[in-house]
Amino acid sequence: MKITLYTYFRSSCSARLRIALALKSLPYTSLPVNLLKDEQNSPSHLAINPSGTVPALVIENPGRDDAVVITQSLAALEYLDEVSPSVKLLPDNAEERALVRTLVGIISCDVQPVTNLRILKRVAPLGMDRSQWSKDLIQEGFRAYETLVSKSAGLFSVGDRITLADVCLIPAVWGAERVGVDLDEFPTVKAIAERLEKEDAVKQGHWRTQEDTPAEFKMDI
């Protein structure tokens, strides 16, 4: 299985996949797409991802002429969990799976889409402060996340194993820190994030450790 990931160092959706691939010890080739240079809308990238976004996960399997191309991070995460189940990111228990997917939804549906670059470019001409816009919406999402994980957390969001919820949470925390969200308001989220930051897979997926991370932000693993 040959895996290629079209990514951008600060893309939270790309970070989800970088972390998941590292957790599952799946080697991959990283192909950076510079969102600030509008490379996501180039004809070559649109041929891979018609949405004009990152990530795009391309998987070539022996014996198959056509590659598997997945252009939404959540679909790609669940695909990886199905084809590489040695490290499972969704619990076996149906109720816990539903909770994980609920937490994933808070981040991926309520927070990320309305705070990404494409939306921020549209709200700025309307007179909105982009950072304040993002901060307010992230805080709303984190309040909901905190309420749920204050009851379900062990070491991580649901018990003591890393799940898809954590894979989605930690990139959102990086974005929250960038716009000045005070994580002390969300003590369970903060504690989970601090534990996640110590994980090797999270360090490998961190926005500051990527090959396209600018030198001024670069951090050694």
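What are the helix and strand percentages over residues 93-215, and how far apart are the end C-alpha atoms? In this predicted model, residues are numbered from 1 along each chain as its sequence is written, local features need pLDDT of at least 70 and side-chain atom pairs count only at pLDDT 80 or more, whereas totals for chains, interfaces and linings use all residues. Side-chain values rest on heavy atoms, with hydrogens and water left out. Over residues 93-215 the chain is 67% helix and 0% strand, with the end C-alpha atoms 44 Å apart, where helices (H or I, at least four residues) and strands (E, at least two) are DSSP runs numbered from the N terminus. An unreviewed UniProt entry annotates this range as "domain: GST C-terminal"; such annotations may be inferred rather than shown by experiment.

The count of aromatic pairs comes to 4, a pair being rings of Phe, Tyr and Trp (its six-membered ring) with centres within 6.5 Å, classed as stacked for planes under 30 degrees apart, edge-to-face for over 60 and tilted for the rest. The rings of phenylalanine 9 and tryptophan 207 have centres 6.3 Å apart and planes at 40°, so this pair is tilted. The pair links distant parts of the chain, 198 residues apart, with phenylalanine 9 in the loop between strand E1 (2-7) and helix H1 (12-23) and tryptophan 207 in the segment after helix H9 (200-205). Phenylalanine 9 is buried at 6% relative accessible area, and tryptophan 207 likewise counts as buried at 13% (buried, under 20%; exposed, over 50%; partly exposed, in between; 1.4 Å probe, protein chains only). Ring pairs join Tyr8, Phe9, Trp207 and Phe217 into a cluster. The charged end of arginine 10 sits over the ring of tryptophan 207, 4.4 Å from its centre, and arginine 10 also lies over the face of phenylalanine 217, at 4.8 Å from the ring centre (NZ of Lys or CZ of Arg within 6 Å of the ring centre and within 35 degrees of the ring normal).

Salt bridges (a side-chain nitrogen of Lys or Arg within 4 Å of a carboxyl oxygen of Asp or Glu) number 6. Lysine 2 in strand E1 and glutamate 60 in strand E3 (residues 56-60) lie 58 residues apart in the chain, and their side chains meet at 4.0 Å, N to O; lysine 2 is partly exposed at 48%, as is glutamate 60 at 37%. Arginine 101 forms a salt bridge with glutamate 78, the closest N and O atoms being 3.1 Å apart, which connects helix H4 (residues 94-115) to helix H3 (residues 73-83).
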